[in-house]
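Hi everyone, thanks for coming. Let me put the model up on the screen, and then I'll walk you through a few parts of it.

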Amino acid sequence: MKGFNIYLTGVGGQGIGLLSEILLRGSYHAGLKVKSVDTHGLAQRGGVVVSQLRLGDRVHSPLIFQNEADLVVALECHEALRGINRALKDGGTLIYYNTIWQPLEVRLNLVKPISGAMISKQCQKRKIREISIFKTDLKDPHMQNIVLLANIDKYSLIPGVKKEHYIKAMEDLLQGRLLEVNIEMFEKERI
Amino acid sequence: MKTLGEILLEENSFSEIVMGNTALVRAMIESHTRVVTSYPGSPTPEIAEAIKSIPKEKRPFYFEFSTNEKVATEVAYGAAVNGHLSTVFFKSVGLNVASDTFIQLSLMNIIGGMIVVLGDDPGANSSQNEQDNRHYACLSYTPVFEPVSPNEVYTFYKEAAKLSIEMGMPIILRLTTHVCHAKEKVKFQNWEPKKLDETPRFDVKNGPYIPIAADVFPMKRFSLQRLEKMKAYADMSPLNRVVDHGNKNIGIITMGLPFLSLMDVLEKTKEKPNILKLGVVYPIPLKVIKAFLETHEEVKIIEELDNFVEKEIKLMAYDSRLSTRIIGKTDIEDWIGEYTPDKVYEVLKKTWPDLLPARKGLGDNIFEVPNRPAQMCPGCGHRSAFHAIKKAIKDTDITVADIGCHTLGFLPPYQVGELMMCMGASTAIASGLSLFNDTRKVIAFLGDSTFFHAGLPGIINALFNKHNLTLILMENGTTAMTGHQDHAASGKNFNEPTDIIPLSRTLEGLGVKHIYETDTYQQSNLTEIVKEAVGINEFSVVIAKHPCMLKFIREQRRKPSYKPRKVDIDQQKCQRFYDCIEKFACPTFTRTDDQRVKINRDLCIGDGSCLQTCQVKAITPSQIE
C-alpha cells in the first residue's frame, strides 16, 4: 500500500499511549506493515504528548516528515491546532476530542485560549476535513480515547483497518472488566 | 490477553510488535544474561518495565535498580568477573556518573562478558544535554554497536553478548531515544532455558585486576590489543551493510536512526546515492569504508551530534591518499539536534541541493498556539511546597534546583529554582553561592531518589566545610519523573521489601543540627519552618514531604472501592483574587471567557490541597454521585 501517516497528540495523562497502541496493533492485525513511536518521560507530566504511526511498505523511520501526516488524531483543542500546524498535510483529516485543558499561559491570563471556531477556520483555509467529537454524557474522562477510536472506525479513517482489527487489538492489551467497558463503549459509539 | 511477561518467556520462535526497549529484554533472555542493573532515566526505564512484566520467580536473570549508575556498573562488573554475563543500562548522562568505573572496564578480563546499554538522547528530549557518548568509547577503548530499530536492537545485543563473552571485554550498545521507543514487528528466535551455573568463578589468574602505577601498562597494552582485534572484527562484522543503488558517483556513510531518516528522504529523490550504514561505530570498519570511498567520487557523512566518525574517516583517507571528496559537517547547525527525516533533508540539501525536490512549508499559514510546558500534576506535593516556600523567601534569595519533578518549579508562577546542573549538584552549587555572601540567602532543593544517588557528598561537604545554606528535601517517596521506581527510602527494592533508610535519621547521623520536617500540604506550617531554617546562619535542612499523588491516585483507581473526589468553586463566595489559578496554579483551575474560575473535572483529583489557598474559602470539596 501507499504510505499512510498518523500523528496522535494530546496532553500527558489523556490516554494517548493506549489509543496509539490500539491503532498500531489494529493495523498489524489488518495485515499492514506498521511502525510507531511515542513520547515518554518528562513531557508526560501535563505537557504535549505525541505518538506517530506509519503504515506502508516503503516506510523507514517511525518519525513523520513535517506536514506529511494524512491523519491527525487529537485529544484536546490546543493540541489539535498544534498538531495540524506541525504535522498535517493540506487536504488531510483532523479528528479531535473537543475538550480543553488550558495551557499555563492561558490560566495565567497571558494569552487567549484556542476555540473550536479557530480550528474550523484553519481547517477551511487548508482544506482539511475536520471531525470534532464530544460526548456530553461521558462519565469517565479516561474513556475519551475510546470514543475517538470508535469514531476513527465509524468514519473509516485508517484505510484497511476494520472493527474486528480494533477489537482484536483491545483484546491484546486489556482484560477483565476494563476490556468489557472499553469494548462496550467502542461498539456503542461507532454506530 | 497474553501478558508481556508470558510473551518474553516464549520458548519457540515468534513474532511480536514491540518497542526497542522490550526487544532488548528478549535478547538478554536468549543470550542467557544473568545479571542486569540500572538506575532509572529516560529513554531506558521501559527496559525495566519489560523485566518487571516477568514474575520474579520466573525471571531468568537477576535485576536491580542500584543507587546510581556508577554503583550499577560496579555491581554488573562484579558479577561478570565471577563468570556471569551482565548488562548495565542507563540514560546518556548516566555515563558521566558511571564514568570513573566505566573507564577502567576495558583494562579488565571480564570473563563473563559485559554489555553497557546507553540510552543517548539526541534532541535532548528528556535530558539536560544531548552529549555524544561515543567519545567515551574512544577514551576507554570500548567498542560501540549502534542499532537503528527494534529488530536491530535485538540482533545487535545478541552479537555483542557473544563477542563480549568470547573476548572478555565490555561492549557498548548505543541506543537513542527514538530507537528505544520505536515499535515494530520483530522476529524472535527460540529460547532454551539453561540452569544457572552458580559457581563463583572469580580467579586472580584471569587478571590482573589491580591497575595501579606501573602495573597499568600491561593492562593498557592488553586493552589496546583487544581493540586491534575488534578493528579486524569490525571489517568482517555482519552489522555493517551497504544499500547499493548502483550509483557510481555519490555515496553516503551513516549510522543509527539517521539511516532511517535518510531512507525516507531518498524515497523523494530520483537519483539515489549508495549508502554504507555502519553498525559498528567504534572502532570503525576502515577497510569497508576505504572500499566504499574508492568506488565513489563524492561521499557525504551523515552523522548525528558530533563529527566522531567523520574525523576517523578523513584521517584514514589522508593516510591512504584517497582522492574521493569527503563531505562532513558544514556548519554549527549540523552538530545540533536529532537527525529526524526533516533534519536529514536539510543537511543533505546543503551538500547536494539539486538532488532533492523542493518541499513547500506552510509559510505563514500557521495559527499560533500557546506553549504547553510540562507541569506538576494535580495534587502534587511539590506545588504546595513551592506555594508555601515562596512566601517564606525573598525575591533576592538564590534558589538552586536539582534533577527531578521538582525542577518544574522554575516555571511561572513559582520560579523557584533558578539554576540547575545535574543529579545531586544543588547543595554544593549552593555552597559556592553562599561564599562572601551575607546578603542573599541560598536555598537548595533536592529530591529523595537524588539524595541517595549523588546528593550525599554535597551534603557532607556542606557540613564538613561549614557552609551556610538551607537545603529543602522534596520527599515524595519514589523516583517520580522516570515512572515511580523505588529507592532506598521507599521500603522496597525492585524485587522485595527492604528496610527504609530514613532521610531524617541519615541527616541526624551525619550531624545536621537543624532538621525540620513537615507534610507539604500543611502549607502555613511549611512557610514558618522555612522562614526559621533560612534565618539560621548554619547548614539547615527542611524535609518537605508528600507522597507522589500521580502514583497514589493511580493505585486508588485500581481499587473497586475507589470513589472519585473533586473540588468545586462556590461562585457566590468567589471574589476573584485568582490566588488559586495564578499563584497556586494547579492545572485543574480553568479560566472562563467571563473571567470566572472553573474546575476542570477531567483533571481534578479532589486532594483538597488548594482549599487553603483561597482567602474567602470559595473552594469546597464535592463528592461525586
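Let's start with chain B: the centres of its domain 1 and domain 4, taken over C-alpha atoms, are 49 Å apart. Chain B is divided into domain 1 (4–236), domain 2 (241–351), domain 3 (381–553) and domain 4 (563–623), with bounds that come from an automatic or database domain assignment.

A quick word on the ground rules. This is a predicted model, where local features need pLDDT of at least 70, side-chain atom pairs count only at pLDDT 80 or more, and totals for chains, interfaces and linings use all residues. Residues are numbered from 1 along each chain as its sequence is written, while chains are lettered from A and ligands numbered from 1 in the order in which they are written.

Now, how many residues of chain A are in contact with chain B? There are 50 residues of chain A in contact with 50 residues of chain B, contact being C-beta atoms, placed from the backbone, within 7 Å. Among the elements giving two or more residues to chain A's side are α1, β2 (34–38) and α6 (163–173) of chain A. Helices (H or I, at least four residues) and strands (E, at least two) are DSSP runs, numbered from the N terminus.

β2(A) also pairs with strand β8 (residues 182–188) of chain B, in the antiparallel sense over 2 bridges; pairing takes at least two bridges found by DSSP. There, V37(A) stands opposite A182(B).

Next, helix α1 of chain A, residues 16–29. Because 11 of its 14 residues are buried, α1(A) is largely enclosed by the rest of the structure. Buried means 20 or more other C-beta atoms within 10 Å of the residue's own, exposed means 12 or fewer, and partly exposed is in between, with C-beta atoms placed from the backbone. Just after α1(A), G31(A) takes a positive phi of about 85°.

Which residue has a positive phi although it is not a glycine? One is S156(A), at about 45°, in the loop between α5 (144–154) and α6 of chain A. S156(A) has 11 C-beta neighbours inside 10 Å, so it counts as exposed.

Q415(B) is another non-glycine with a positive phi, near 50°, and it is partly exposed, with 13 other C-beta atoms within 10 Å. Q415(B) sits in the loop between β15 and α15 of chain B. P413(B) lies in that loop too, and the peptide bond from P412(B) to P413(B) is cis, with omega near 5°.

How values were computed
Expected span 1.5 Å × (residues − 1). Contact = placed C-beta atoms within 7 Å.
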